[in-house]
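Here are my notes on the model you sent over.

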There are 2 protein chains.
Amino acid sequence: MSNRLEGKVLVAQGGGPTPVINQSVVGVALEARKFSQVTSIYGALHGVSGIVGENFVDLTRETTHNLERVAGTPSSGLLSTRDKPDEEYCARMFKVMQAHDIRYFFYVGGNDSSDTVRIVNEQAKAANYELRAIHIPKTIDNDLEENDHCPGFGSAARFVAQAFMGVNLDNRALQGVYIGVVMGRHAGFLTASSALAQKYFDDGPHLIYLPERHFIMENFLADVDRVYQKHGLCTIAVSEGIAAPDGTAMITKLLGTEERDSHGNIQLSGTGALGDLLSNEIRKGLGIKRVRSDTFGYLQRSFMGIQSDRDSHEAREVAEKAVQYAMWDNVDGSVAIKRPVLDYSVDYQLVPIDNVAGKTRHMPDNFMNEAGNGVTQDFLSYCRPLLGSNFPEPHRLRAPKVAKILHQ
Amino acid sequence: MSNRLEGKVLVAQGGGPTPVINQSVVGVALEARKFSQVTSIYGALHGVSGIVGENFVDLTRETTHNLERVAGTPSSGLLSTRDKPDEEYCARMFKVMQAHDIRYFFYVGGNDSSDTVRIVNEQAKAANYELRAIHIPKTIDNDLEENDHCPGFGSAARFVAQAFMGVNLDNRALQGVYIGVVMGRHAGFLTASSALAQKYFDDGPHLIYLPERHFIMENFLADVDRVYQKHGLCTIAVSEGIAAPDGTAMITKLLGTEERDSHGNIQLSGTGALGDLLSNEIRKGLGIKRVRSDTFGYLQRSFMGIQSDRDSHEAREVAEKAVQYAMWDNVDGSVAIKRPVLDYSVDYQLVPIDNVAGKTRHMPDNFMNEAGNGVTQDFLSYCRPLLGSNFPEPHRLRAPKVAKILHQ
């Protein structure tokens, strides 16, 4: 039997956008409408900062039709924030929630956001205020504990794989060394998804470097040299978060300085520096002239028009499940995606928030090769279904060679 | 009546790839099959360098089915080259063509490639060797004279516009200054196409800087400051080729040094340097903290899965027309796309190769605003049809604000 805790629903989005994060907001809004104890459904603008500032919009008065169209639009429709609330910040949020009779709080975000849900939950309990606070997962980094994979990852991975398919074709046409720098501060999943671009035996990326493995410049140069000798070209995927054996980010090591964002994290995205520095090392170390790098940057998390249908469905479902857990089961926690069979189905579970909050999941060992410069078949099998249907495929000419007349 | 010059057809691709350049190769291959005087259809690998080296494949022995699948694949299926032949180089090409009884030569490329066609043509005439050499246009830069627009541009423009749509959504969610650096050494068309991302009145790019206008740092900073004050964010599209009033490329001015490619051109692509340097100027000059840049790089010319259907059709047709001109009319030249009416039809014309060879077309004045930081309605009307059908559209929530309780 459904619980009869009457009051308002509040939904918000935190952290970096994803191509399907709006599916989760819309999932909450539409599912919550089905429960008579819900008096209104509010959306907070700019995540937790909108809660503190009482910047709410009334999603109850939004049309279903427009909600569906926003669901198909990338990036955070309710806008986002990088604020990472402490106890005092959460206390202010909690005060606003009480004033507005918020009884159900759904926060769509990554591990920082799940920590916010944990704190608010504890404060509500301490104040004896009945509140269901549930964390809804999203992150293109795919780094949430307890989840087989996270909503947002499949679409970003699809973008990265399609980008590398094009890079393969481009780097075959005009041969050289190409470095594509991919997002992922601590977890290499997104960079690893570049491997899904491989169709032909000599397709790249030939080398893949992830934050989970030490980056050693001598090995890197030896790898590039070997591939370049063999194929006359080399296509490389590098995570923005690669680090030296001593744990220093390579961007810091190569730059000699570091820039930090508002969280005190070293700035990795929004700059082409790492790719440029690695290119220079290859030019200097191997004497190869045509070395180019691209930093995929923000395109990979908000590009208009590249979404995995599977990812969209799951981003919607985690939100629907979150509402159902809150309404029917009267429990708190974080919704997680499980994969009972490899190829392919999912289950959703509500897991204790402490298992997710503030924690980072990394690529498991069986997804990476021994040499630390590539991925395994296990990873390919894991990742492929997440990219969704109608995945494009490149085609090559197979016309036979013509016998030479002059150069015999 | 068709001319009866019997012999082989040779097709090749030169310069940077485009998302639809294979349509033109396949257009030549399939159209040429219809003419009984054609004894075989060869493709040269890696453009003119494959002609000199006699690296041919026999496209007559390729299946129609696979040709169609390659046509839908981005980048140069016959592979490409940056070689820019001089008289001596062309003489070697011509010798190989004679040896293989090549009587029809179709070269798909930009203004450098058309110059090659011009030289080969002159040598054939001088040697009294019957050869039909026709240039088939392609370039994402859209900078060929005589053409209303070039095959390849529409698809690259679509990528750029979709990228900026995502950037708009992302930069609204987490506000700051965003710079997207777009390809186009001398012509601003591709950068200008970012304006097609605008749907809502406050959508970006708010500022667009093109190579056709002097880039003045003080004006740039004043522009950014004004937009940032108004919207609390600023989204900027910058051409890689922007230059100071004295003609020096901004990348050179800001870097203090320059890197040159194998043509002796300053390296603009394959590095994130320009975006990073402009970001630093904004941080220093305006004290804004969140400033990010992406350099779209090679993704915009070879991305797998973003093609304008209109662009694909036209890339196919220019090649079919090239074959028809050679077979029926027995003439040389360059095929050009004309637009007799604005909204929307095209005609194809064979124009004298001298009108195209080695020349660069720029954005006309009526496509750019007075201030040199944006485009006009004329440009939007010109560009929109080229992006093709099923162009995606972002959607925003329109839910009403909720009255505040605590912050009144």
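Predicted model: local features only at pLDDT ≥ 70, side-chain atom pairs only at ≥ 80, totals over all residues.

1. On to the contact between the chains. Here 70 residues of chain B are in contact with 70 residues of chain A. Several elements of chain B give two or more residues to the side that touches chain A, among them strands E2, E3 and E9 (291-295) and helices H3 (64-71), H4 (87-99) and H10 (273-286). Helix H6(B) gives the most, with 9 residues. Both copies use the same surface, since 100% of the contact residues of chain B recur in chain A.

2. Is H6(B) mostly covered or mostly uncovered? It is mostly covered, with 21 of its 21 residues buried.

3. Now the open sheet in chain B. It has 7 strands in the order E3-E2-E1-E4-E5-E10-E11, with mixed pairing. The edge strands, each pairing on one side only, are E3 (56-58) and E11 (347-351) of chain B. Neighbouring strands are turned by 25 degrees against each other on average, direction ignored. For a landmark inside the sheet, take strands E1 (residues 7-13) and E4 (residues 102-109) of chain B, which run parallel and are joined by 6 bridges. There, Val11(B) stands opposite Phe106(B) in E4(B).

4. Two helices to check against that sheet. Helix H1 (residues 21-32) of chain B lies across E1, E2 (38-44), E4 and E5 (132-137) of chain B, and runs at about 175 degrees to E1(B). Helix H5 (residues 111-126) of chain B also packs on the sheet, touching E4, E5 and E10 (333-338) of chain B, and its direction makes about 175 degrees with that of E5(B).

5. Which residues have the most contacts inside the largest nonpolar core? Ala322(A) and Ala322(B) do, in a core of 262 residues. Leaving out residues up to four places away in sequence, Ala322(B) touches Val28(B), Phe106(B), Ile134(B), Ile136(B) and Val335(B). As background, nonpolar side chains tend to be buried together in soluble globular proteins.

6. Over to chain A for strand E6 (residues 177-182). Since 6 of its 6 residues are buried, E6(A) is largely enclosed by the rest of the structure. Both faces are covered: Val177(A), Ile179(A) and Val181(A) are buried on one side, and Tyr178(A), Gly180(A) and Val182(A) on the other. E6(A) runs parallel to strand E8 (residues 234-239) of chain A, joined to it by 6 bridges, and Tyr178(A) stands opposite Thr235(A) in E8(A). It is also joined by 5 bridges to strand E9 (residues 291-295) of chain A, again parallel. In that strand, Ser293(A) is the bridge partner of Ile179(A).

7. In chain B, have a look at Val182(B), which sits in strand E6 (residues 177-182). Is Val182(B) buried or exposed? It is buried, because 32 other C-beta atoms lie within 10 Å and 20 or more count as buried. The residues Val182(B) touches include Val160(B), Leu190(B), Ala237(B), Val238(B), Phe296(B) and Gln300(B). For a sense of scale, Val182(B) and Ser40(B) are 142 residues apart in sequence and 40 Å apart in space, C-alpha to C-alpha.

8. Last one: helix H5 (residues 111-126) of chain A. Its 16 residues reach 23 Å from the first C-alpha to the last, close to the 22 Å expected at 1.5 Å a residue. Its buried residues include Asn111(A), Asp115(A), Arg118(A) and Ala124(A). Among the elements covering the buried residues of H5(A) are helices H2 (47-52) and H4 (87-99) and strand E4 (102-109) of chain A. Just after H5(A), Asn128(A) takes a positive phi of about 55 degrees.

Notes. Residues numbered from 1 in each chain as written. Chains lettered and ligands numbered in written order. Pairing = 2+ DSSP bridges. Helix = DSSP H or I, 4+ residues; strand = E, 2+ residues; numbered from the N terminus. Axes fitted to C-alpha atoms, helices over the stretch in contact; angles between N-to-C directions. Contact = placed C-beta atoms within 7 Å. Buried ≥ 20, exposed ≤ 12 C-beta atoms within 10 Å, placed from the backbone. Core = buried A, V, L, I, M, F, W, Y, C linked by C-beta atoms within 7 Å. Expected span 1.5 Å × (residues − 1).
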